[in-house]
Structures are given as structure tokens and as C-alpha cells.
Amino acid sequence: MALLQISDLTHYFGGLRAVHDFDLTLNQGELIGLIGPNGAGKTTVFNLITGIYRPSEGSILLDGQSIIGLQPHRIAAQGVCRTFQTIRLFSNVSVLDNVKIAFYSQIQSTLLESLLRAGRSVQEDRAFGAEAMRLLALFGVDRYAHELARNLPYGEQRRVEIVRALATKPRLLLLDEPAAGMNPGEIDHLMDLIYYIRDQFKLTIFLIEHQMRLVMRTCERIKVMDFGATIAEGCPDEVRNDQRVLKAYLGEEVEA
Amino acid sequence: MALAQKLKSHLASIPPLAYILGMLAAAVTERLAGEPLAVLLGLPSMPSLFGITLSQRSPLFLPASVAYDALMYVIPTYVVARLATPFVPRILERLTAGLLMPVYLLLVFALLQTWGGYHEYRILVLSLMGINVILAVSLNLVNGYMGEFSVGHAGFMGVGAYVASILTVLVFPRSLGQLTFPLALLAGGVMAALAGLLVAIPSFKIRGDYLAIITLAVNYIIKNGIENIEKIGGSRGFMGMAKLTNIPSAFMWSVLTLWLIRNFVLSPRGRAVVAIREDEIAAETMTVDTRYTKILGFCTSSFFAGIAGGLFAHLLLYINPSTFSLLKSTEVLVMVYLGGMASISGSLLGAVTFTLLLELLRPLEVWKWVLIPLLLVGMLLRRHAGLMGFREFSFLVPREEAESHGSASD
């Protein structure tokens, strides 16, 4: 069974059709890219999958179960996590606590135990801290653990955002423009990182990206959107040579 | 300048425990020799609050009051603290880590009780201080940690005050006063939390800044509602309570509140509250049940407001609906912003400072409500985070845990 099965997904903002008839089947372990010009509806697709918007039509199945109408935190707890196009770290909180917050769905202790600082609550918190440090160390950002998130350089904030997403124990990771604002060297690092987390954490990855270099090299399959519609789909080479894609990106050719 | 520096570093070299012992010694001395010393200095009576009230009556008493403070408090405290300093490390050595806090608390309690326990006015001021600490720290949970804006804290305080008073006056046998008092307070807290739940459910259904408007409305609804219930006195108010709030009970409940709220904000659930303040959508994406967390935070906050209300009612022995009007809510807001957002220590400091400020400015009567907001605005312009915003005293929150608030330990 496919991990994620999306069919006929359509969403309207008032009279504007932001996404229509979007289909996608994601199998375990795949790495798929979603590209398209600005305003094509890519981030809307992410917001629909993660439950931030409720789709006007269509279905989204996770492990064959519909997740439409579930609150975002429930969808996240079921293993669908994401990063954001503009970094959304908890900026006035330490890097370590940013990651520890993502363990919320794994809290075992009761409210009373938290209030009295008794029983499981202390050990549990210690375990969260240790696990967060382990993840931060894995990505080489543990030296920032006690810094406020907003004080980190941009590229490191991106890393921390990925670490934080991984702390929710996702099966499907949605990356929204992970390379935004990065220079070519940083993008190379990011590519290695994406492969690494997919293999290390047995993840399925669905990513939105404008950096063609990154998409073409890392993704096995690419979907192209324009004005809410899917205009092309296939392996990087197919997409690169697709007339509609070229038109969407470069504009209409002038007939001589 | 150099002298001031030297003095400062000298005073800082004396450990806190020595100071507490010094102050305790001063309080004992005052109990024995306070009255004679006051007479000797030409004061009409022993200064009840460092001479503030006496000097308010006539500025002529000011020099003698200052002399009294120096002779009665400053010098004995310093001398004893200095003498005790060499023994402090030895005392601390014998105490295991778990005993340290209880010993400090016991000493502080002994200090407050010795200094104020025999004096009506001091009992009143210290009890009000404790009540204000509870109010400020509980409101800070919503306004500081959660980043929402509640402006109706006094409404929940009123619910607690009325419920607790009705129980002690009309339901519980009067002879069991002190025994049933905690029960009455808890019942008041629970009813206030339920009132909070009624507010929280609709307010947090939708994203956005509706809480301020709704709490404003609820403050009025509670006040006007009670005014129209003749059975409990309506606008004439309610009385007949026994004087059950005193330094021990105010101290115990404020320490308990500080401890519980501190534990909560340091716990994983408390971190979720802070995450909501920082970015609600990101929190939700990180599996945080934001709606539940907000409701939980708000109800916890109103619960403690209710407890404070019960203590307040059994201190003043008379309550009426207009006691719990928007003015009271504003007072709590002032304490929170004065002390600093998202800081337990700040709320403690803010409440203590504010209580003393109110006493200091009492002669100004209504004009103090012109001066206090001005002082607040002036202070926030200089230090917009308040006295202790986003920071904690290390005795309240250990340094390694302070960052849970997004704050540094001080």
C-alpha cells in the first residue's frame, strides 16, 4: 500500500482555484520533488496535506486512512512532518528546547506528575533532552544547543528546523524550499543531508524547491505545477525537456 | 565611585543565608526593643512599615524613621550577617540538596512571621503581598508564557472569593474554620477554573486575538452577575467571614502557587505553552495540541486567581462586586508587566514591589492611579522587558533549566 495517496485534491480560496485535481502516490522511501513558478499552489498542497487547510474536494489517504479533517497536530503525530518556506523556529527559545517541544506527542507523564515534578515527568524530560542532543549532534548543530534559535546563522537555522521535524518521528517529511537563500556550496551540503536523513531515518521525502540543481539531482520523480494544475510529471530528464514546463518557466515562444 | 564599587562587592560577598539570618536577628530585636527605640527617637509609635506610614502623616517624622530603620534593621542585619558568614558554608555542607529549599523557606517564613505576626498592619500588607504574588504569577502564565492577552483576571478572583466565602460562612461549621479553609479555597479555585473553561472554549476555537475582548466582557459579566444575585448580598456585598487569612496561610499558598507554576512551565507541557507564544502553526506542526494546551494554561491560571480571591475575602472580611472590577484586573496587569513577561521571579518581584508601592503612595489617594501608570510607562520605556523579563533568579529556576522559558538565569 502506498504511504500517501492523494487523489483529485482541489482547493479554493474564495473564487480562486489554488489547486485542482492534484494526484500523487508516494511509496515508502521515495524522494519526490514538486516544482513550479511562484504562486503555482505548491505550498498550498503542503498545507492541505498537513491539515492547515481543509481541502474543498478530493482525498488524502495516509496508510489507506483518510486524514482529511484531522487537526494538524494529529496528522503530525501520525508521522507527517514538515519544514517551512520561511523558517518558523521558536525564535526566543533555545535550540535544544526547540527540538524538545517536538516530543510533545510522546509525552507519557500525566498533568499531575508535571505539576508536582514527580514520577515519570523528570526522567521523561531528561530522556527528551538526551534524544534532542543526540539528534542535534548528528547534524553538527549541538554546539548551538543553548543559544536562542534566532541568534543562529540562516543555514544553521534550516538545519535545526530539519532536526526539529525529525524529533516528531516522521515517516513522511515535507520540505518546503529547503535551499531557499543558500549558496551553491550550502546547497551541496543540503543534498548530502537529504540523502542522509532519508537513509538514516527510513524516510519518504516530498520537497518543494526552486533550485533546479537540487531538484534535478536529488529527486527520483518530479511533479510540475502551474496555476494550481499539474502540468508535467516524470523523471528529471523527462521534465527538463517537457514543452509545457519550459513554457511555464520561460514563457510563450514568439512565433516568427 | 570606587567606594561604591567596593561596598557593592563587599555586600555581595556575604551569602544570602547570612542575610536571612541577619534579618531574622533584626526582627527578633525589634520585637524586644522596637517600641523603646521608637520612643527614644521621638516617634509617636513603632514604625509599622519602615516609617512609610509615619512619614506620610508628617514629614517631620522622616529623619527619625530613617534613623530607626538604620538602627533597627540595617545595622543589626549587617552585623549578624557578617558574623554568620563563616558558619554558612558549614551549615550548607550538612544540608543535602533536597533539604536546602525547605530550610530557606522555613527561615523566610520565620522572618516574616517574627517581623509581622504581632502587628495588624504588617499582617495585612504581607498577606496582600502573598495574594498579589499568586495573582501575578498566574496571570503571567497566560500573558507572558502563552503570549495571549487576558485582561479579566479579577473576574476569576471574584468567583473564587465568593465561592470560598459562601462555603465558610454558610456551609462549613464555623468552629472548624482553619481546618476547612483550604477546602473552601480549593473549591473557589475549581469554580474559577470552570469559569475559565467557559471562557477558554469559545476563545480558543478560532485563531486570533479574541481573548482580550472576551475576558474584558467576562470581567463585567461576573461583576454585574454577582450584583444581581440578592441571595449573596448583591451590590451591597458579602460579609461574615472569619479572619482566616494570615501570614502563614498567605505564605503557604503563594509558595505552593510559585512552585506548581514553576514546575508546569519547566515541564514538556509548559514548553508547549511557550511554543504557542512563539509560533502557533509551527507548534501545531510539531504535534502540539495547541487548543488543549491553551485551554489547560488558561484554566490553570484562573484556578490560582480563584485561590487568591478566597484568601483576599478572608483577609478583608468584606467583599463586594466592584472589588473585582476592571481596576483590580489592571492592577494585576501592572504587576505582571512591572515584573517582566514569562518570568516567575519577575512576577514575584513585581507583586512585592507593587504592594509596597501602593502603601507608599496611599496618601495620594486617587492620584496614585495617575502616578502608577506613569511610573509603569516610564519603566517600560527604559526596560521594556520589565524588571526580570525572560530571566529567573537561580534559586527559583536552576540555570540549566532556565532556558525552557526562552530565558537566561540571573
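Visitor: What's the secondary structure of chain B come to?
Guide: In this predicted model, chain B has 17 helices and four strands. Helices here are DSSP runs of H or I with at least four residues, strands are E runs of at least two, and both are numbered from the N terminus.

Visitor: And what's its radius of gyration?
Guide: It's 22 Å for chain B, close to the 22 Å that the globule rule gives for 410 residues, so chain B is as compact as a globular protein of that length. The radius is taken over C-alpha atoms, and the rule is 2.2 Å times the number of residues to the power 0.38.

Visitor: How much of chain B is buried?
Guide: Buried residues are 46% of the 410; that takes 20 or more other C-beta atoms within 10 Å of a residue's own, with C-beta atoms placed from the backbone.

Visitor: Before I click around, how are things numbered?
Guide: Residues count from 1 along each chain as its sequence is written, and chains are lettered from A and ligands numbered from 1 in the order they're written. As the model is a prediction, local features need pLDDT of at least 70 and side-chain atom pairs pLDDT 80 or more, while totals for chains, interfaces and linings use all residues.

Visitor: OK, helices. At what angle do α11 and α12 of chain B pack?
Guide: About 75°, with the axes 4 Å apart; α11 is residues 247-266 and α12 is 268-278. Axes are lines fitted to C-alpha atoms, for helices over the stretch in contact, and angles run from 0 to 180 degrees between N-to-C directions. That makes α11(B) roughly perpendicular to α12(B), a label for 65 to 115 degrees.

Visitor: Which residues make that contact?
Guide: F264(B), V265(B) and L266(B) come from α11(B), and R269(B), G270(B) and V273(B) from α12(B). Contact means C-beta atoms, placed from the backbone, within 7 Å.

Visitor: Switching to chain A: what's the strand order in the open sheet?
Guide: Six strands run β6-β7-β8-β3-β9-β10 in chain A, with mixed pairing. Two strands pair if DSSP finds at least two bridges between them. β6 and β10 of chain A are at the edges with a single partner strand each, so one side of each has no neighbour in the sheet.

Visitor: In what sense do β3 and β8 of chain A pair?
Guide: Parallel, over four bridges. L31(A) has I205(A) as its bridge partner in β8(A).

Visitor: Last one: how many residues of each chain are in contact with the other?
Guide: 36 residues of chain A contact 25 of chain B.

Terms used: Contact = placed C-beta atoms within 7 Å. Parallel < 35°, antiparallel > 145°, perpendicular 65-115°, else oblique. Buried ≥ 20, exposed ≤ 12 C-beta atoms within 10 Å, placed from the backbone.
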